[in-house]
Amino acid sequence: MNRASFLVLAAAMTVTAACAASLGTVAEARPSAVPAASCSVAADREKPDSVVVSGEGFKGASVTLTAAGGDGTWPGIPAPGGSFTRASLPDHVYTAESAQDPAVGCARAAAPQSPPPANEQYRTGYQQGLKDTLATCEKNPPKNLAPDPNWQSGYDKGAATALGSKRCTGS
């Protein structure tokens with residue numbers, strides 16, 4: 001590489017480094033985003049057919065909750081530090097707002113998943129026990145390390161059915 005090529009390459013690298021440094025400075029100078037106010041609705045475990053509404057990120061000292069369809073308004077709910085929780089409310093769609101925040105819709109929390117019914121557990125275990133045992137004609141321990149009792153009962157019955165089948169008895 002001759003001296004002229006080296007100087008052109010060095011100049012290009014210097015410009016690139018300067019641009020990258022200035023972009024980093026610009027990115028650092030931007031203020032971080034302020035979290036937006038949000039709220040959620042979940043089932044009230046203490047009172048059936050009721051909900052708990054919680055929120056955070058509000059700038060005001062208090063929040064007003066409004067139920068959709070004009071079914072109720074709850075003004076002046078304290079929001080220390082921008083957060084609030086209000087329990088034992090009727091099950092509705094809600095919005096929350098403060099004097100410094102626009103109204104935000106309160107998202108409904110997902111309902112907890114209940115375990116599959118006992119008969120479905122049994123059926124699944126039975127099918128797996130039948131399949132595993134028909135493959136070798138020997139009862140094998142289940143691959144499910146922590147089976148549901150109904151699943152285990154189905155697995156055992158499926159394995160017994162397989163062991164008594166024509167395929168495994170040879171008759």
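**Figure 1. Strand β3 and its partner β4 in the predicted model.** Two strands are said to pair if DSSP finds at least two bridges between them, and β3 and β4, which run antiparallel, are joined by 4 bridges. Of the faces of β3, the covered one carries V63, L65 and A67, whereas the uncovered one carries S62, T64 and T66.

Figure 2. Which residue of β6 stands opposite T66? The residue is T95, which is 29 residues away from T66 in sequence but 5.4 Å away in space, C-alpha to C-alpha. When residues up to four places away in sequence are not counted, T66 touches G72, T73, V93, Y94 and T95. The strands that hold this pair, β3 and β6, run antiparallel and are joined by 4 bridges.

**Figure 3. The sheet as a whole.** Strands of a sheet pair through backbone hydrogen bonds, either parallel or antiparallel. Here 7 strands make an open sheet with mixed pairing, in the order β4-β3-β6-β7-β1-β2-β5. The edges are formed by β4 (73-78) and β5 (84-90), each of which pairs on one side only. Direction ignored, neighbouring strands of the sheet are turned by 25° against each other on average. Elsewhere in this order, β1 (residues 38-43) and β2 (residues 50-56) pair in the antiparallel sense over 6 bridges, with C39 having G55 as its bridge partner in β2. Along the sequence, the pattern of the chain reads α-β-β-β-β-β-β-β-α-α-α, and in total the chain has 4 helices and 7 strands.

Figure 4. Side chains of opposite charge can pair when their charged atoms come close. A search of the whole structure finds 3 salt bridges, and one of them joins the side chains of K59 and D101, with N and O 4.0 Å apart. This pair links distant parts of the chain, K59 being in the loop between β2 and β3 (62-67) and D101 in strand β7 (residues 101-108), 42 residues apart.

Figure 5. D156 forms a salt bridge with K139, and the closest N and O atoms are 3.2 Å apart. D156 is in helix α3 and K139 in the loop between α2 and α3, so that the pair, 17 residues apart, links distant parts of the chain. At 31% relative accessibility, D156 counts as partly exposed, and K139 falls into the class of partly exposed residues at 47%.

**Figure 6. Packing of helices α2 and α3.** Helix α2 (residues 118-136) and helix α3 (residues 149-163) pack at an angle of about 35°, and their axes are 6 Å apart. The crossing in which α2 passes α3 is right-handed. Residues that α2 brings to the contact include Y122, Y126, L130 and L134, while those from α3 include W151, Y155, A159 and L163. By class, the contact of the two helices has 10 nonpolar, 11 polar and 2 charged residues. For the chain as a whole, 22% of the 171 residues count as buried, and among contacts between residues at least 6 apart in sequence, 56% join residues at least 24 apart.

Terms used. Residues are numbered from 1 along each chain as its sequence is written. This is a predicted model: local features need pLDDT of at least 70, side-chain atom pairs count only at pLDDT 80 or more; totals for chains, interfaces and linings use all residues. Side-chain values use heavy atoms; hydrogens and water are left out. Axes are lines fitted to C-alpha atoms, for helices over the stretch in contact, and angles run from 0 to 180 degrees between N-to-C directions. Helices (H or I, at least four residues) and strands (E, at least two) are DSSP runs, numbered from the N terminus. A crossing is left-handed if the near helix is turned anticlockwise from the far one by less than a right angle, and right-handed if clockwise. Contact means heavy atoms within 4.5 Å. Ala, Val, Leu, Ile, Met, Phe, Trp, Tyr, Cys and Pro count as nonpolar, Asp, Glu, Lys and Arg as charged, and the others, Gly among them, as polar. Buried means under 20% relative accessible area, exposed over 50%, partly exposed in between (1.4 Å probe, protein chains only).
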